[in-house]
Amino acid sequence: MQRSDQKESEQSVDDVLSGLTRDRDDATQTSASASSGGGRLGGLFSPRAFLAALLLSVGGLLVGGAIPIVGFIGRFAGIAAAGFLLGLVGSKRRYTEVVLAGAIAAGLAFVLSTLFAVFAPFAVQLLADYGVAIAGVGAASGGLAGLVGHYFGRDLRTGLTQEL
């Protein structure tokens, strides 16, 4: 009698261990499938694509702002051009990354241009009073410019790659 109880307890321990191993393997497969797809977090955000979009947006902002005649509007044209380029070249939709990168680039540019374009003591007081609103307008405008540029880049890519 004691021998059969011992066999049952050994068998139940083996069952528990195999169950734990299966659970661990399932968790490993789930995390591997979640992390596949170019490092996208939960399928919504890719840090590499965001970094590329941010660098392109800052570059577009600087180049667009350096054009003397266009100036201020050129910044947003540069951000839209960066989004357009990412939409044209990339095979996946990167709206989240492009909008966030454009918003960050333009928001910082608005704050920095306010800080350095106005007499220093007045600029500090202006930013203390209205800094959040200034950054918000810049971020919203930059995000919208990136969104529009990415949309048209994806649209052109679809038109170029679609069969007639």
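Trainee: How do you know at what angle the axes of helix H3 and helix H5 cross?

Mentor: First, the ground rules: this is a predicted model, where local features need pLDDT of at least 70, side-chain atom pairs count only at pLDDT 80 or more, and totals for chains, interfaces and linings use all residues. Residues are numbered from 1 along each chain as its sequence is written, and side-chain values use heavy atoms, with hydrogens and water left out. Now, axes are lines fitted to C-alpha atoms, for helices over the stretch in contact, with angles from 0 to 180 degrees between N-to-C directions. For H3 (residues 72-89) and H5 (residues 120-161) that gives roughly 35°, and the axes come within 6 Å.

Trainee: Which residue classes make up the contact of H3 with H5?

Mentor: Eleven nonpolar, nine polar and two charged. Gly goes with the polar ones, while Asp, Glu, Lys and Arg are the charged class.

Trainee: Why is the pair of Phe45 and Phe50 called tilted?

Mentor: Rings pair if their centres lie within 6.5 Å; planes under 30 degrees apart are stacked, over 60 edge-to-face, the rest tilted. Here the centres are 5.5 Å apart and the planes sit at 40°, so the pair is tilted. The whole structure has five aromatic pairs, and Phe72, Phe76 and Phe110 form one aromatic cluster.

Trainee: What makes Phe50 count as buried or exposed?

Mentor: Buried is under 20% relative accessible area, exposed over 50%, partly exposed in between (1.4 Å probe, protein chains only). Phe50 has 16%, so it counts as buried.

Conventions
Helix = DSSP H or I, 4+ residues; strand = E, 2+ residues; numbered from the N terminus. Phe/Tyr/Trp six-rings, centres within 6.5 Å; stacked < 30°, edge-to-face > 60°.
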